[in-house]
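Hello,

Here is the structure I promised to pass on to you. Have a look at it first, and then read my notes below.

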Amino acid sequence: MWWISRAAGMVAGILLVASLVWGVLLTTRALKPVDRPAWLLALHRWLSALACIGVVVHILGLVADNYVYFGWREVFLPQASGWKRTPVTLGVIAMYLLILVQGTSLIMKSLPRRFWKFIHYFSYLAVWLSIVHAALAGTDVSNRLYQAIALLLTVTAVTAAIIRIVIGTTRAQVAARRNSVD
């Protein structure tokens, strides 16, 4: 089960970063000449759902394994784990942020757009906390392949965030143009 938990955590991390990238591509329309918004949205949702499933498998694997003790309390309560307390807590917080972002996205049509968008910004924090959680709590951090993939994921997530900040949203660009014309 330890192998399943580790693999699921790694795959969930990859899927989280991929979802972040697809969300940025959708929001900024950075690939506008060649992108298809409906396809980008569908892929973003699919990657997000798969990442959530990966997190669930990661947690179930931790609870089922006996390499390090993780009960439901340690998995759901920050600071409850005696093993690498702070890194595990970062993972617990990332999980709750992911639940918040995914949950509000499922009911987004019934929420005010500004509120949903504000909550959705927490996805950047969830990805960052997940990366730090993996770097500090992961048992594979000495593996060179793992290090290379972690570095690539980190650079990709940071680059996506920078692109998001620099390009902004399509709606924001439209509003800025309207304001400059008035």
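A helix here is a DSSP run of H or I with at least four residues, and helices are numbered from the N terminus. Please keep in mind that this is a predicted model: local features need pLDDT of at least 70, side-chain atom pairs count only at pLDDT 80 or more, and totals for chains, interfaces and linings use all residues. Residues are numbered from 1 along each chain as its sequence is written, and side-chain values use heavy atoms, leaving out hydrogens and water.

Let's start with helix H7. Gly168 comes after H7 and has a positive phi, near 75°. Which residues of H7 are buried (under 20% relative accessible area, with a 1.4 Å probe and protein chains only)? They are Tyr146, Leu153, Ala157, Ala160 and Arg164. The buried residues of H7 pack against H1, helix H5 (113–120) and H6, where contact means heavy atoms within 4.5 Å.

Next, the largest nonpolar core: a set of buried Ala, Val, Leu, Ile, Met, Phe, Trp, Tyr and Cys residues joined through side-chain atoms within 4.5 Å. Of its 29 residues, Val17, Val55, Phe70, Val127 and Ala157 touch the most other members. H1 gives the most to this core, with ten residues.

Thr104 is buried, at 8% relative accessible area, and its side chain reaches the backbone oxygen of Leu100 at 2.9 Å.

Enjoy exploring!

How values were computed
Buried < 20%, exposed > 50% of the residue type's maximum accessible area, 1.4 Å probe, protein only. Polar contact = N/O pair within 3.5 Å; in protein donor to acceptor, adjacent residues only side chain to side chain. Helix = DSSP H or I, 4+ residues; strand = E, 2+ residues; numbered from the N terminus.
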